[in-house]
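Have the structure open as you read.

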Amino acid sequence: MGDAFGNVLTACDAAGAAQGAAFEVIERSDGYVRATDAARYFAPHDQWGPTARFACDQAVGRTLDIGAGAGRLALALQGRDREVVALDVSPGAVAVSRRRGVVNTFNGTVFDLARTSPEPFDSFVMLGNNLGLLGGADQAPEFLAALAAMARPGARIVGETLDPYGTTDPDHLRYHEANRRLGRLPGQLRLRVRDGQVVTPWWDYLFCTPEELGAVVAPTRWVLTDSYRSPSTAGAAGPAWPPGQWVALLTLGA
């Protein structure tokens with residue numbers, strides 16, 4: 001076990017965030033493996049996809065960037081004179097964020113941060129499909145309770161995610177069916193990151209529809225108040241959003 005994700009970001013940072021310098025290799029519990037260019041974690045705001053730009057624009061007030069990676073969201077918000085804390089469980093990712101100029105960082109989970117009783121947040125942003133860090137229907141209430149404990153009244157969660165049902169890939173469809181047999185949501189993934197022989201621990205990651213998310217958050221103080229699937233419904237101009245990509249806005253109730 002080790003900080004494979006941090007190793008990848010460190011290598012990419014050392015290469016000047018050049019395309020093709022380092023790749024994030026994600027392994028799913030069924031053996032499915034996918035590699036993506038780590039340079040995407042370093043892209044400036046004007047090079048982000050439309051869902052990520054939209055999610056960033058929904059952050060208000062003091063913001064917690066959950067799963068901050070190389071700090072792209074934190075740097076974008078700092079550039080707007082916003083107060084932001086970049087949180088990641090990867091020590092290497094946090095070190096890269098600090099080298100790139102992120103002022104406030106936290107190495108640990110949202111549970112670790114909640115135990116420090118931080119100054120409350122107005123927004124929690126989960127960029128790059130990181131709404132998936134809710135984990136699943138069983139894990140989400142505890143995760144959301146930790147955020148509520150750090151939230152100001154009326155705080156919001158802005159999360160980018162993916163509807164898993166647009167695929168025709170037989171590997172993904174078989175995984176959906178295996179999840180159903182286990183009583184899990186079909187889009188719940190069990191993942192880890194590899195870097196050579198270094199691997200992270202396994203973690204759960206959730207892709208879901210707005211309807212599924214509404215059911216997941218129903219037992220909590222958070223309410224799904226809006227979901228955005230395209231520039232027309234989001235009131236934004238620009239290119240069409242990637243198929244299946246959407247942004248959730250959750251608001252803290254009483």
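## A buried charged pair

Glu27 has a relative accessibility of 14%, so it counts as buried. This is a predicted model, and in it Glu27 forms a salt bridge with Arg192, with N and O 2.9 Å apart. Glu27 sits in strand E1 (residues 23-28) and Arg192 in strand E8 (residues 188-195), so their pairing ties together parts 165 residues apart in sequence. Arg192 is buried as well, at 16% relative accessibility.

## Other salt bridges

The structure holds 15 salt bridges. One of them joins Arg80 to Asp57, with the closest N and O atoms 3.0 Å apart. Arg80 belongs to the loop between helix H3 (72-78) and E4, while Asp57 is in helix H2 (residues 50-57), so this pair ties together parts 23 residues apart in sequence. Arg80 is partly exposed at 35%, and Asp57 is partly exposed at 42%.

Another links Asp171 and Arg174 at 2.5 Å. Both lie in helix H7 (residues 170-181), three residues apart, or about one turn of the helix.

## A buried glutamine

Gln245, in strand E12 (residues 245-252), is buried at 11% relative accessibility. A polar atom of the Gln245 side chain lies 3.3 Å from the backbone oxygen of Thr161. Gln245 also touches other residues, including Thr51, Asn129 and Tyr228.

## Confidence

The protein chain has a mean pLDDT of 94, and 96% of its residues reach 70 or more. Over residues 232-237, however, the pLDDT is below 50.

Terms used. Residues numbered from 1 in each chain as written. Predicted model: local features only at pLDDT ≥ 70, side-chain atom pairs only at ≥ 80, totals over all residues. Heavy atoms only, no water. Helix = DSSP H or I, 4+ residues; strand = E, 2+ residues; numbered from the N terminus. Buried < 20%, exposed > 50% of the residue type's maximum accessible area, 1.4 Å probe, protein only. Polar contact = N/O pair within 3.5 Å; in protein donor to acceptor, adjacent residues only side chain to side chain. Contact = heavy atoms within 4.5 Å. pLDDT = per-residue confidence, 0-100. Salt bridge = Lys/Arg side-chain N within 4 Å of Asp/Glu carboxyl O. Lists of a residue's contacts leave out its neighbours within four places in sequence.
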